[in-house]
Amino acid sequence: MSTSQFDIIIIGGGPGGYVSAIRAGQLGLKVAVVEAAHLGGICLNWGCIPTKALLRASEINHLLHNLGEFGFAADNVRFDLEKVVKRSRAVSAQLSAGVGHLLKKNKVTVINGFGRLDGREGDKRRVSVTPAKGGEAISLAAPHVIIATGARARVLPGLEPDQKLIWSYREAMVPTTLPKRLVVIGSGAIGIEFASFYRNMGSEVTIVEVAGRILPVEDEEISGLARKAFEKQGMQILTGAKIVSVSKGAETVTLKIEAGGKTHDMTVDRVISAVGIVGNVENIGLEGTAIEVDRTHIKVDPYCRTAEKGIYAIGDIAGPPWLAHKASHEGVMCAEMIAGRDVHPMDPLNIPGCTYCRPQVASVGMTEARAKDAGYKIRVGRFPFVGNGKAIAMGEPEGLVKTIFDAQTGELLGAHMIGAEVTEMIQGYVIARTSELTDGELKETVFPHPTISEAMHEAVLAAYDGALHF
Amino acid sequence: MSTNILMPALSPTMTEGKLLRWLKKEGEAVSAGDVVAEIETDKATMEVEAVDEGILGRILVQEGTDAVSVNTPIAILVTEGEAVPDAPSPPATPPTPAPVTAPAAAAIPATTMPAATGQGTGQEARRQARGQARGQRIFASPLARRIASQKGIDLSALNGSGPNGRIVRRDVEQATIQPAASSAAPPTATVPAPVQDIAAIAGDTPHHTVANSTMRKVIARRLSEAKSTIPHFYVEVDVELDALLALRTQLNAASPADGPGAYKISVNDMLIKAAAVTLRRVPDVNVSFAGDMTVHYDTIDISMAVSIPDGLITPIVRQADHKSLGQISAETRDLIKRARAGKLKPHEFQGGTFSISNMGMMGVKAFSAIINPPQAAILAIAAGEARPVVKDGEISIATVMTVTLSVDHRVVDGALAAQWVSVFRSVVENPLSLLV
């Protein structure tokens, strides 16, 4: 059997792998992408994108039930869950096909199958692929292999997804009926987005979080505001919580949960488990290589190089943060490095994080606590949405922008936002951090009026001489 | 219009260089990317590429000229048919001050400008920085500019590592821990003043003089600086080599005779790896002293002193702790070869977190090395020789070498240095850990 020769083989066609392949193709390299399921990976098919379609529907539902504020009235507001889910699937299908076209345009060879490292062929690395359609294994070789196999949901004992009562993200994305009562375990971005979706569609939602607060990676103040907003919407939130027992009935699940010194017994229709992820490191041929695996993730240097020369790892498999844009950025960096370009390692503090619940949460850089722990003397600026004209006009007066500056150098150490549209605005601060702007440039920047983004300007002013409108 | 070709800064430490050779003659056409001249920098010989196209109108600095300051015009490039000016055109400055700027200048009496102490210092520094930027635009991030002005660092002396060569924060921070890299001023303070009066030195003794190369001057400057500013102390230990030599014999015997997988591992390769493994176990030696702070390096990059015809250079085996002996061996061979040919690129010899100087092959019994700043330690390796050793009360013969660790006492104390050499000895004497 002959071996097909490439410049780069990428194992995994998610947002890390396919973006890396496009970039490598642009740079004139001969690239193969090996994907076992769908192009676009979890992000595009079962993650970031379809959940945004669902959340959009739930926001519309919320708006339709709050028309009075804007002078409208409507009776008999209903939705068809099947159509809501169908739209979300159609969005994913459209984009996955689009990825296929982009790869073709950049002359990338796409191989549908399960790839694994399979030793060397001369100076090159061999990858063998078990085709998804069955049949004989395909053999590929290239001097460079990028592992981009991503991650999957972590499973807690007793909470194994059963496709009926206990859901992972996958079942939660394609409900056939709306659960009346729902428990969401885990309050990272994934858990919170499902909680927000189901609550806005009308479910009774309880969030169970083992840490002391929800959205534990966010700034503590923002976590607190998110909790208040969710509780106002009628969610129950248990933090510092421990699941004592789970028992499944025919149509319901009964849970015993300890939190805050009290025991909560509850019977619900469905449970969503969203307690983190584990890397897909199995069966990809890491055995017998020098590649080091640490708790299901491949160890890499700041340039995504593994301990094995010519083998790289990007995205979720290569460690946190578990974000599609981190994977894509690493993919581009890797492709450019292999093509001989001058590249810069990514600074984790310049990677924004977004949660698309209602109200939205977005942040970049250090939290206030982390900046203090790191020994910075800081200046903190806060500006609430209630001081912003556009937010009030839009009917979105709840929100806060918080900035953290290094008092000595004026570096923007971190920015944290909660409220309408903040996920679209955070990139303003990301540009500031990446370009190493100081308070000086941010103060001198003219922000358009009226926009919610003016709150970002005001939060900078608030850290220094004082905000103008609060 | 004519443009000047300037003496480029080819490395962060370069403040001046020697114009070795012109590769284009006056009147010859030049296109962008053509190599026009060769420059001898502090570390290597490098090529100067033309940025613009045109005709080499006039050579201003002749071949063999020493100590040409960075940014000095070295030649004039003209467009075809253009008259060649005698003198370089002045640096691009904005037209004579427009009336609007005059009142501002008047408001700040010139006499107060230099004495920018006390209040408003930041303002003054910023204004001066902007003034400089007008002469030759410096690409630097706002944060890099601010930190530089707070720490009194001259941005024009730095090389940018950001996008398109922009100076970013890390460049300024690095300059603060590598004083040599940032000092744009001539190094008169730490180096014996250039000797003019040879007679006062040589007297009646018959003699001849040889001009010092740029590299020789840099070695003089950096080592004077290291020895006079770093409080050195030394820890010495005898290490038995027999197990390591046996392992080396075994490893090399397993190599194919030739072809792609062949290798030949040297004792030096193994000692580089041993030092890297030791640093991984005793990471507090893998540091730099930086005033209020100590810099702890996450990677272990070993600089190895290589003697070359006109001095020495320290190419770097990066992340040596992560590399196999085979990789280290292939890399050192390539680095040494190119070092001797003067073909190393700046990033291959600038940086490093720890140094090794090996004089084993020259038969020395022991020696102490001078620290390579801003590193905190250097290991001096002497020759392995058969010596009597006492084991279990019996005298036997072992191959023993003496190694001496020089450390910067500002960041590494005696106990830590002692721990380091003891771990190093145990790694060398139990060399299987080099294979892990």
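## Basis and overall make-up

A residue is called buried if 20 or more other C-beta atoms lie within 10 Å of its own, exposed if 12 or fewer, and partly exposed in between, with C-beta atoms placed from the backbone. By this criterion, 46% of the 470 residues of chain A count as buried. Chain A contains 13 helices and 25 strands; helices (H or I, at least four residues) and strands (E, at least two) are DSSP runs, numbered from the N terminus. Two residues are in contact if their C-beta atoms, placed from the backbone, lie within 7 Å. Among contacts in chain A between residues at least 6 apart in sequence, 64% join residues at least 24 apart.

The model is predicted: local features need pLDDT of at least 70 and side-chain atom pairs count only at pLDDT 80 or more, while totals for chains, interfaces and linings use all residues. Residues are numbered from 1 along each chain as its sequence is written, and chains are lettered from A and ligands numbered from 1 in the order in which they are written.

## Confidence

The scores of the model are ipTM 0.82 and pTM 0.61. For chain B, the mean pLDDT (the predictor's confidence in each residue, from 0 to 100) is 81, and 83% of its residues reach 70 or more. Residues 91–134 of chain B remain under 50, and the model has 17 contacts beyond four places in sequence for them. In residues 179–195 of chain B the pLDDT is likewise below 50, and this stretch has 26 contacts beyond near neighbours in sequence.

## A parallel sheet in chain A

Five strands of chain A form an open sheet with parallel pairing, in the order S9-S16-S10-S11-S12; strands pair if DSSP finds at least two bridges between them. Strand S9 (166–167) and S12 of chain A are at the edges with a single partner strand each, so one side of each has no neighbour in the sheet. Strand S11 (residues 204–208) of chain A is largely enclosed by the rest of the structure, because 4 of its 5 residues are buried.

S11(A) pairs in the parallel sense with strand S10 (residues 181–185) of chain A over 5 bridges, and A:Val184 has A:Ile207 as its bridge partner in S11(A). Helix H6 (residues 189–201) of chain A carries the chain from S10(A) to S11(A) in a right-handed β-α-β crossover; right-handed means that, with the strands pointing away from the viewer, the path from the first strand over the helix to the second runs clockwise. S11(A) also pairs in the parallel sense with strand S12 (residues 236–238) of chain A, over 3 bridges. A:Ile207 stands opposite A:Ile237 in S12(A). From S11(A), the chain passes through helix H7 (residues 220–232) of chain A to S12(A), and this β-α-β crossover is right-handed.

## A covered helix in chain B

Helix H3 (residues 142–151) of chain B is mostly covered, with 7 of its 10 residues buried. Among them are B:Leu143, B:Arg145, B:Arg146 and B:Ile147.

## Contact between the chains

Across the interface, 13 residues of chain A are in contact with 11 residues of chain B.
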